[in-house]
Amino acid sequence: MKVFGKEKEGNKVIYYIFGFKISYSNKNKNAQKQVHNNSYNIPLNYIIMNNAWFGEKEKRWYIANRCYETLGYYPNLTNPKTFNEKLQWMNLNYFNPTEEICNDKIDFKDYIKEKLGDGYTAKLLGIYDSVDDIDFEKLPEKFVLKNTLTGDDNGVKIVRSKSSLDIDRFKYEVNNIFQQWTSGYYTSFNRNSNKQVRVFAEEYLGAPDECLDDYKFMCFHGKFELGYVDVRIPNQKGKIYYFDNKWNLLPIKYSNHEADTSFFPKKPSNFDRMIEIAEFLAKDFPFVRVDFYIVKDKLYLGELTFLPGGGLGKYSDDWDLKIGNLLDLTKIESKFITNDKAKILLQEGNYPPPKMPSLQLPRIIILSFLIKPLIKIQNVTDCLICTIASPPMAGVAISKFASHAIDGLLSQNSLSLARTLLLTVCSRYSAQYSMVRIHI
C-alpha cells in the first residue's frame, strides 16, 4: 500500500496520502482546454458576403486578394489563362443548375442513381437538420457523418467505433459542421446558390482500420485528361500522385502533398471502367472532377467537384498554365453564362469582366425615441434595444413579440406606452422593411 504518491489512470489522477486513495477526473479539464483552443468567431467570408454592400466589385476584390495570398500571383480575371484563373472566372460568370444539384451530397446520390443505377454511392442512413435529430441508437457501430455542402474533410466525421464515442464531445464537434458558413458558397465563393446546410449519415466503406485511397479523374469538355490518387496512410498527410490516361506517373506536385514515388499504387484493375464512367458523367460540364473509391474491386462515386481546391490549387512548375490550356471557355454554352456582355465577348474570343448581382439583404431602419424622462427603466443602464424581424409577421404580431422582450424591464406605468409605440411603429414600417430596430 502506498503512503504517498501520485499516478495517472486514463482520465483520472490518483493521489495517495497517508495510505488514503484520492482520485479525480481530468475529463472536464481536458475538454475545457480543447474547447478553449477552438475559435468561436464567425468566418470572415460569411460576414462579408452577408452585407448589402457586397457586390460584383467586392467579390472580384476578395477573389483576387485570396489568389495572390495563396498562389503568389495576382489573377487575371478579365483574360484568364491558368487553371485557377479560369475556375475563378467561371465562379464569377458561369452557372449550371445541374452543378447545384450535384454539389449537394444528398441530391448527388439521387443524381448518380438516375445516371448509373443503384449501388454506386454509399448507403444513406439518415438526414438531420440539427445535431439533436441524430438518433445514435439507430446508427451502426461504424458510420460516416457528412455536411451536404462542404467540399473538404472539415465537413466529415468518421466513426469507426460508436460504442467508444464520447457522445457529448462528438455532438459538440458535429454541431460546428451544421452551421451555414461551412457551405462552399461561403468557404470558396463558389458559383452555386446558398442552399441550406444539412448533415447526413452514410455507411462506412472498407475495414475499420483501412484508409481508402481516393481516385480523382479530371475531365474537360467530356474527356478525361489527367487525374490523381490521394493515397491515405493512417496518421499521415495524404500523398498525391498525378497520372495520365495510361496510368503513367506525371511530374506534378500539388501544394505540400509531395511524396516518395514508392507509395504510388498499382494501376487499378477497373481503371478503364473508371474512365468510362467519368467521361459519361462529365459530358454535361465544361470541367468536372469525378471522385472514386474502390472497395473489394467495387467502384463507389464519392462526389463530383467543379471547383477543386476552391480555385486556389498550388501546382508545381507551370502546370497551373498547362492544365488551364485544357479548359476552353469559348466552348461553354451561352445559356450558362450569367450576363449578356460575357456571352458577346466569349463569342469574340475575349473574356469579360464578371458581372454578378449583389446579395439583397434586409434594409434596416433605426428609430430613436427621446422618451427617457417618461419611462422608468429597471435593471438596464441607459437604453433598451428591441430588434424585430418582418415580414412575414404582421405589425401587431411583431409588437406582441417585442413587448414580451420588455416585460420586466420597464415599470408597469411604462408598459402601455412602450407597447403603443411598438404597435404604431411596427404596423407602419413592417411592410416596408425586413428589419426594424427600435431604440428606447
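User: Are Phe243 and Trp247 buried or exposed?

Analyst: Both Phe243 and Trp247 are buried, a word kept for residues under 20% relative accessible area, while exposed means over 50% and partly exposed lies in between (1.4 Å probe, protein chains only). The model is predicted, so local features need a pLDDT of at least 70 and side-chain atom pairs count only at pLDDT 80 or more, whereas totals for chains, interfaces and linings use all residues. Residues are numbered from 1 along each chain as its sequence is written, and side-chain values use heavy atoms, leaving out hydrogens and water.

User: What makes the ring pair of Phe243 and Trp247 tilted?

Analyst: Rings of Phe, Tyr and Trp (its six-membered ring) pair if their centres lie within 6.5 Å, and planes under 30 degrees apart count as stacked, over 60 as edge-to-face and the rest as tilted. The centres of Phe243 and Trp247 are 4.4 Å apart and their planes stand at 35°, so the pair is tilted.

User: How many aromatic pairs does this rule give, and what is the geometry of the one between Phe217 and Phe292?

Analyst: The count comes to 22 aromatic pairs. Phe217 and Phe292, with 5.4 Å from centre to centre and 80° between the planes, form an edge-to-face pair.

User: Why does the pair of Phe217 and Phe292 tie together parts that are apart in sequence?

Analyst: Phe217 belongs to strand 8 (residues 214-220) and Phe292 to strand 11 (residues 287-295), so the pair ties together parts that are 75 residues apart in sequence. Here helices (H or I, at least four residues) and strands (E, at least two) are DSSP runs, numbered from the N terminus. Phe217 and Phe292 are both buried, and ring pairs link them into a cluster with other residues, including Tyr215, Phe243 and Trp247.

User: Why is Asp230 called buried?

Analyst: Its relative accessible area is 9%, so Asp230 counts as buried. Asp230 lies in strand 9 (residues 223-231).

User: How do you know which residues Asp230 is in contact with?

Analyst: Contact means heavy atoms within 4.5 Å, and, leaving aside neighbours within four places in sequence, Asp230 is in contact with Asp213, Asp214, Gly238, Lys239 and Ile240.

User: What makes Lys216 and Asp214 a salt bridge?

Analyst: A salt bridge is a side-chain nitrogen of Lys or Arg within 4 Å of a carboxyl oxygen of Asp or Glu, and the closest N and O atoms of Lys216 and Asp214 are 2.7 Å apart. Salt bridges that share partners join Asp214, Lys216, Arg289, Asp291 and Glu303 into one network. Lys216 has 7% relative accessibility, so it counts as buried, and Asp214, with 4%, is therefore buried too.

User: Why are Asp118 and Lys113 described with the words they get?

Analyst: Asp118 has a relative accessible area of 60% and is therefore exposed, whereas Lys113, at 47%, counts as partly exposed. The side chains of Asp118 and Lys113 meet in a salt bridge (3.5 Å, N to O), one of 15 found in a search of the whole structure.

User: What makes Lys239 a charge over the ring of Phe263?

Analyst: A charge sits over a ring if NZ of Lys or CZ of Arg is within 6 Å of the ring centre and within 35 degrees of the ring normal. Lys239 lies over the face of Phe263, at 4.9 Å from the ring centre, and the charged end of Lys322 sits over the ring of Trp319, 4.6 Å from its centre.
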